[in-house]
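Here is a friendly note to read with the model open beside you. Please go through the points in order and find each residue on the screen as you meet its name.

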Amino acid sequence: MLLLSLNMRYASLLYYTLSLLAIPAILATSDTESSDDQAGYPMIDSIVTGLEDASSSNVAASSVAPVCIWDGIQVNDPEPISPLPAYSFEAMPQYAVGPGSIDSDVMHMVRRLSLKEKVGQMTQIEVGQLIDCNGELNRTAVKYWIDEWKVGSFLETPANHGGKYNWYSPKSFGAFTDAVQKIALERGSKIPVIWGLDSVRGANYVKGATIFPAGIATAATFNPQFAYDAGRIAAKDTRAAGVHWAFAPILDLAVNKLWSRTYENFGEDPYLASKMGAASVNGYQGDYKHDRSRVAACMKHFIGYGYPFDGSDRANRHIAAHELLEYYVPPFKAAIDAGVATAMESYGVVNGEAVTISNYYLRKLLREQLGFKGMLVTDWGEINSQATMYHTAEDLTQATQLALERTSIDMSMVADDSSFANITAGLVKRGIVSDSRLDESVARILQLKKDLGLFKHPYTDQALASTVGSAQDIEAARDAVRESVTLLKNNNVLPLNKYEKVLFVGPTLNSTRYMGGGWNVHWQGPSDAEGDSIYQGFGDTVIKGVQQVTGSVPLYMPGVDIDGTTLIDIDTVIATAKLADKIVVGLGEKTYAENVGNIDSLVLPWQQLNLVYTLARKAKKPIVVVLVEGRPRRLDRIPDVAAAIVQAYLPGSYGGLPIAEILYGAVNPSGRLPYSYPATEAQASTTIWQSSYVAYNPQWAFGYGLGYSKVTYSNVTLSSNVLHPGEPITASVSVTNNGLYAQKESVMLFTHQQYRVGYAPELYRLRNFVKVDLAAGETKNVTLELKAEDLSFWDRDLKRRIEPAPVNVVINPYTQTDLIAVVDLVANANDVLEHL
């Protein structure tokens, strides 16, 4: 059960270490080919020519054990990173390129594959199965998986699964994937493999690649351009490593704030997540069918993953079917409309029903209702988990049968053994699963490989490595941080003056890894032993940023450990604080991902809180609290004690300088909360879209945030006082920057239906937003569109319809007051817009 609680991945490490001890190690070398951006594809019939004559002999593990000379301690990849300072790229596309019908040559190829070859294409194996006891690529193991099981896909980075380097450079990673690709093209089915990687915030597993802010921070910008930029740069740097497929964007709604994956998503609001998700898909994919600097995006996790009932990862979710359609489905629908090429199903169960073997979720809803035509992969080991974890199947055989019979799953991320391939082949041979069911999935897999250009350009484009970590990319990431950091309180203590004596205290201010969180170099982030040294200079800290902004070395003391269990040299900290003009305290969380990040309470660790209380009581100086956290941790009395509070989220490895710029006024903060920040434990699942009759009094509301300039709104007008289906109206408002600083301002349009027959209306629904630049003293008139269809809703009969009623159109309700206009929503309540 311990291994299961760690998401099966630690079990993977143990499994491959033991199983590969009997396989001799041969470090692979390969000749690489560079790709280009030429349009079109060769016919691929020739690739299957001679498949019947290809070797079908089993490649068993050698009985001769390798000579194991490695001590198991990973080291830095010595490959230097010398990126170009800048490069050219295309702006955000205005059209969607996505999966469509299956090409005739792909279908011809499918029909010529043997049963074993088809099953192999549907199998994905993690990279640890290909690494020997010396941390090197084991060519014999690769041949085994390619020859014996015809495996069509691999995933993950060697650094997470026993590779000798702790962070693989694009060239080393590319040499590794190319070596595997070369074997795949020479043996077995001779079909190129597709490699998948969790490049969720930049190519976070590629050495030197720019690590962007977490999804929750990107959402706080209220600027979809940054979701696009992060996706585009992640794609380029991922492809530079010979990887073709990114398991992103993450489109779960962050509803229960206890959840350890809150930081990966684009917040609690369906509309905000939809806009960010679509932009992210465009960034990753672009014209992925011709542009070889792009990858296939993967929307995940379908569906309802973000509302675990007790906040623990994978806990069951209780979500009414019509509420699932209303709130949780829209971000995925937006990704499909943006052309997303692949999808990943969700861990666990919704309303007691296992998602992985659900006909409703993975065929009727995803394929038939939403129209998804791309390739669908499971999450890690989820088919087998039906028997081993959730007890929704008798054994692995039944779990596999149900997944194939009931759903449209195309590929099983097994990820450690041949169980899926072996069981699936047996099910087909016994006539339990039809061969045509396999053809359906294999066709989608091969079409994806063709769309990505793998039949023509299977190897790494080494030229892309020269752009990894460019100054241009770093600045893009820092710009995202500059617009994400959210000022929550300011009693005229910010911005700081560089001539003031400021004491900086707290573990998150002098750490690159704590700014990154999980999915940051490693799955769980860098270890304590690795610390910041693993970044090898590819990152900064808040303290380094302060030095760059002020031109002097800041006064810094740790004060407390990141676990919040021990105050560090507190008497010296207090004595030093008494001599300072102001105190900046950095609080937050250690790195975590998935189950490892489970918590029972949102309250920050006691000694972190106590550090602030002690300094306030004994030093009696203004305190600025900077939060570096993946989820909104409860702050106890800090909102009353601190003079200013800054929410930095998880800004990524280059977040230090932007945070320092904001603290010192070089940048005016413009981030807005993408979630409702809880004041109590009971508010863990409070959202802006909860029923209006329920009290909404979080610590800070969704959309809240301050700047250094006072912005006022006036003259809210509607183009019409009546709103009919098919006849959009506009809402206009004048926005004025009354301050001395230039201000980026997010103008948000919400609706509140005054009543809705039979169904409680939400407190507020975000319907539109735009971010505008305002010079000091400038006024702009901002216009936002509103459609009657925006106010449609799903009822319990799974019909989407509109209930007529007066509707309040509200602008920024928690930063402004009385910005309300009323429109009469006119529609026939019996008209059904959509029916499931």
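1. Begin with a charge and a ring. The charged end of Arg 232 sits over the ring of Phe 89, 3.6 Å from the ring centre. Bear in mind as you look that this is a predicted model. You can find another case at Trp 149, where Lys 116 lies over the face of the ring, at 5.1 Å from its centre.

2. Next come rings that meet other rings. A pair of aromatic rings is described by the distance of the centres and the angle of the planes. The count for this structure comes to 29 aromatic pairs. One of them joins Trp 167 and Tyr 535, with 6.0 Å from centre to centre and 85° between the planes. The cut-off for edge-to-face is over 60 degrees, and this pair is edge-to-face.

3. Which parts of the chain does the pair of Trp 167 and Tyr 535 tie together? Trp 167 lies in the loop between strand E2 (153-155) and helix H7 (170-186), while Tyr 535 lies in the loop between helix H19 (513-516) and helix H20 (542-550). The pair therefore ties together parts that are 368 residues apart in sequence. Trp 167 has 1% relative accessibility, so it counts as buried. Tyr 535 is buried too, with a relative accessible area of 2%.

4. Now look at Tyr 168 and Phe 173, which also form an edge-to-face pair. Their centres are 6.3 Å apart, and the angle between the planes is 70°. Both Tyr 168 and Phe 173 are buried.

5. Rings can also gather in a group. One aromatic cluster is formed by Phe 222, Tyr 271, Tyr 696, Phe 702, Phe 750, Tyr 764, Phe 769 and Tyr 814.

6. H9 gives the most, with three residues. Sorted by class, the lining of the largest cavity has 10 nonpolar, five polar and two charged residues.

7. The second largest cavity has a volume of about 80 Å³. Its lining includes Pro 99, Tyr 288, Lys 373, Arg 444 and Asp 451. Which helix gives the most to this lining? Helix H17 (residues 435-451) does, with four residues. By class, the lining of the second largest cavity has six nonpolar, three polar and three charged residues.

8. A search of the whole structure finds 41 of them. Arg 444 forms a salt bridge with Asp 410, and the closest N and O atoms are 2.8 Å apart. This pair links distant parts of the chain, 34 residues apart: Arg 444 is in helix H17, and Asp 410 is in the loop between helix H15 (396-406) and strand E10 (412-413). Both Arg 444 and Asp 410 are buried. They also belong to a network of salt bridges that links Arg 363, Arg 367, Asp 410, Glu 440 and Arg 444.

9. Another salt bridge joins Arg 314 and Glu 382, with the closest N and O atoms 3.6 Å apart. Arg 314 is in the loop between strand E5 (298-302) and helix H11 (321-328), Glu 382 is in helix H14 (residues 382-388), and the two are 68 residues apart. Both Arg 314 and Glu 382 are buried. Look also at Glu 762 and Arg 756, which form a salt bridge with the closest N and O atoms 3.4 Å apart. Glu 762 is buried, as is Arg 756.

10. Finish at helix H24 (residues 656-663). How many of its eight residues are buried? The count is eight of eight. Among them are Gly 656, Pro 658, Glu 661 and Leu 663. H24 is followed by Gly 665, whose phi is positive, near 85°.

Definitions and conventions. Residues are numbered from 1 along each chain as its sequence is written. This is a predicted model: local features need pLDDT of at least 70, side-chain atom pairs count only at pLDDT 80 or more; totals for chains, interfaces and linings use all residues. Side-chain values use heavy atoms; hydrogens and water are left out. Rings of Phe, Tyr and Trp (its six-membered ring) pair if their centres lie within 6.5 Å; planes under 30 degrees apart count as stacked, over 60 as edge-to-face and the rest as tilted. Buried means under 20% relative accessible area, exposed over 50%, partly exposed in between (1.4 Å probe, protein chains only). A charge sits over a ring if NZ of Lys or CZ of Arg is within 6 Å of the ring centre and within 35 degrees of the ring normal. Ala, Val, Leu, Ile, Met, Phe, Trp, Tyr, Cys and Pro count as nonpolar, Asp, Glu, Lys and Arg as charged, and the others, Gly among them, as polar. On a 1 Å grid over the protein atoms alone, a cavity is a set of points where a 1.4 Å probe fits but cannot get out, and a pocket is an open set with protein on both sides within 12 Å along at least five of seven lines; lining residues have an atom within 4 Å of a point. Grid points are joined across faces, edges and corners, and a volume is the space filled by probe spheres set on the points. A salt bridge is a side-chain nitrogen of Lys or Arg within 4 Å of a carboxyl oxygen of Asp or Glu.
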